[in-house]
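This report looks at the model shown below.

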Amino acid sequence: MTGNILINKMTFQYPSMLHPLFENITVNIDENWKLGLLGRNGRGKTTFFKILLGELDYEGTVQSSLIFKYFPVYLANQLTAEEVLLQKNPMIERWELELELSYMDLPAEVLDRDFYVLSGGEQTKILLIELFLNEAAFPLIDEPTNNLDAHGRRGVGDYLNRKKGFIVVSHDQHFLNQFVDHTMAINKESIDVIKGDIDTWAYEKKNADELAEEKNHRLYQEINRLEAVSKRVASWGQKRENSTKDAAERRLAAKQMKRSKAIKKRTEEKIRDKKSLINNVEQVESLKMRVDQPDKQVLLLRNFSILQNGKCLFEPVNIDVYPSERLFITGKNGAGKTTLLHFILGNGQFEVTGDYQIRLPNKISLLHQQNQLGKDHASILQQLTAQEKESYLHLLRQLGSKRSSFADHTSNHWSSGEQKKVFLANALLGNHSLFVWDEVTNYLDMMVIDQLIGAINKYKPTMIGVDHNEHFANSVATKKLELIKKV
Ligand SMILES: Nc1ncnc2c1ncn2[C@@H]1O[C@H](COP(=O)(O)OP(=O)(O)OP(=O)(O)O)[C@@H](O)[C@H]1O
Ligand SMILES: [Mg+2]
């Protein structure tokens with residue numbers, strides 16, 4: 001057997017599901033590919049990894065001699081970064097580790113720090129290095145970008161470009177395009193595997209969708225025409241049959257009727273076949289935002305910085321936010337973006353330098369960086385009035401969550417994107433005058449991100465945001481503020 005992954009007629013369904021998540025899938029994946037795995041939230045990307053890891057029962061065959069390793073893993077022990085890297089690879093020398101770190105733009109002294117004190121982005125990088133240190137392993141990397149800023153995403157992208165033989169799930173096309181040479185997409189009704197990056201796939205998919213729609217359109221036209229003909233032939237034949245006593249003519253009329261029925265049947269079969277193609281075209285509804293504008297300037301900062309131990313956290317900044325402006329705060333991990341958001345919102349005590357004026361309106365839509373612990377679909381439902389509940393469920397459906405998945409109120413098994421949509425739908429409920437959103441795009445699929453971009457550009461809310469998804473921030477920001485860490 002080669003090191004390739006051979007999947008043949010694989011079908012899988014969680015016991016609580018009405019329909020299989022995968023049905024009769026046949027795919028071959030080469031062990032040397034840098035494969036990007038795409039798919040909307042809840043389509044089964046993480047489940048696909050679990051199947052390769054042998055954690056789930058399926059029908060059909062999945063053959064491979066590779067040893068699969070999953071990212072992210074959670075480490076319970078208290079280890080230094082070096083110990084994490086040497087856990088399974090004790091023979092590796094320090095200089096080799098330092099070299100790998102340098103590829104990730106990490107200083108060597110990170111090795112001596114406790115793993116748990118490292119920033120989210122640094123932990124991600126160390127765990128990824130660990131995956132690739134073991135050359136026999138085939139990494140399955142599930143959404144590595146959530147803790148990475150734009151700079152970190154470029155660093156990890158470059159690192160993955162040096163390696164080969166792995167699969168990465170990400171909703172950030174910009175990131176994936178840095179390194180993938182093959183793309184696999186879990187569509188609504190099919191799975192595509194193509195040679196090329198996400199842009200190539202998107203181009204091919206768009207053409208295939210357009211072609212499918214055009215073909216369907218032509219087919220529907222054809223069926224209308226044929227139906228009209230067959231009706232005409234039938235009524236003519238019937239009339240003929242009834243009006244003539246000539247046996248030969250009656251036979252001819254009956255034959256024509258039979259023929260027209262056969263044509264109709266064939267056409268209907270054709271339509272059924274093509275229906276699966278039309279179903280494969282992704283559809284998103286446009287999303288509604290309810291926006292009130294604040295009546296005054298919301299924020300003014302002059303020569304402003306936040307002090308930590310008497311020192312500026314970032315280089316002093318100047319900015320104004322007026323109604324219907326959207327400010328995005330950018331800067332590397334650790335530059336103080338979330339801290340500045342907390343200051344603006346009045347969460348906590350801060351020492352500052354410079355001048356500032358903050359006039360927060362009453363109705364603020366808040367979205368935190370991480371999915372809030374202890375809050376889920378069930379607890380949100382409990383807090384809502386009947387009318388709000390209806391709007392909330394409507395929003396969830398607009399965001400593409402399937403009705404069947406939120407019938408299960410516990411949301412324990414929901415995919416990461418499905419869980420994120422719960423917080424997003426909650427943040428979109430009601431009228432708001434200011435939107436303060438920290439990393440709204442984490443875990444969301446590309447179509448939901450585009451749906452949000454469409455809504456924001458249509459309703460023009462006043463917004464103060466932080467987001468590492470460059471496509472999103474560039475599409476909606478009217479101004480940007482870069483925080484530069486003061487050294
Ligand atoms: N143990 C489980 N029992 C029942 N349903 C499950 C279970 N685990 C996942 N699901 C459901 O299976 C579907 C696929 O989940 P999965 O986590 O594989 O999606 P995903 O493609 O990784 O999505 P995301 O982009 O949001 O991470 C989802 O609808 C999810 O709610
Ligand atoms: Mg997932």
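## A five-stranded open sheet

Five strands form an open sheet with parallel pairing, in the order β15-β16-β17-β13-β18. Strands (E, at least two residues) and helices (H or I, at least four) are DSSP runs, numbered from the N terminus. Two strands pair if DSSP finds at least two bridges between them. Axes are lines fitted to C-alpha atoms, for helices over the stretch in contact; angles run from 0 to 180 degrees between N-to-C directions.

This is a predicted model: local features need pLDDT of at least 70, side-chain atom pairs count only at pLDDT 80 or more, and totals for chains, interfaces and linings use all residues. Residues are numbered from 1 along each chain as its sequence is written, while chains are lettered from A and ligands numbered from 1 in the order in which they are written.

## Strand pairs and β17

Four bridges join β15 to β16 (residues 434-438), and the two run parallel. Here I364 has L434 of β16 as its bridge partner. Four bridges also join β16 to β17, again parallel. Across that pair, W437 stands opposite G465 in β17. Three bridges link β13 to β17, also parallel. F328 stands opposite G465 in β17 as well.

Which residues of β17 point one way, and which the other? M463 and G465 point one way, I464 and V466 the other, and all are buried. Buried means 20 or more other C-beta atoms within 10 Å of the residue's own; exposed means 12 or fewer, and partly exposed lies in between, with C-beta atoms placed from the backbone. In a regular strand, side chains alternate between the two faces of the sheet.

Helix α9 (residues 337-345) lies across β13 (326-330), β16 and β17 (463-466). It runs at about 155 degrees to β17. Contact means C-beta atoms, placed from the backbone, within 7 Å.

The protein chain is divided into domain 1 (5-187), domain 2 (205-279) and domain 3 (299-482). These bounds come from an automatic or database domain assignment. The centres of domain 1 and domain 2, taken over C-alpha atoms, are 52 Å apart.

Where does ligand 1 lie? Domain 1 and domain 3 both give residues to its shell, so ligand 1 lies between them. Of the 20 residues around ligand 1, the nearest are N41, T46, T47, S415 and G417. A residue is near if its C-beta atom, placed from the backbone, lies within 6 Å. Helices α1 (45-52) and α13 (416-428) each supply at least two residues of the shell. By type, the shell holds four nonpolar, twelve polar and four charged residues. Ala, Val, Leu, Ile, Met, Phe, Trp, Tyr, Cys and Pro count as nonpolar; Asp, Glu, Lys and Arg as charged; the others, Gly among them, as polar.

E122 sits in helix α4 (residues 120-133). It counts as buried because it has 22 C-beta neighbours inside 10 Å. E122 touches L106 and V110, leaving aside residues up to four places away in sequence. L38 is 84 residues from E122 along the chain, and their C-alpha atoms are separated by 25 Å.

## The whole chain

The protein chain has 15 helices and 18 strands. Its C-alpha trace spans about 110 × 65 × 40 Å along the principal axes. Of its 487 residues, 32% count as buried. Among contacts with a separation of 6 or more, 74% join residues 24 or more positions apart.

Note on methods: Contact = placed C-beta atoms within 7 Å.
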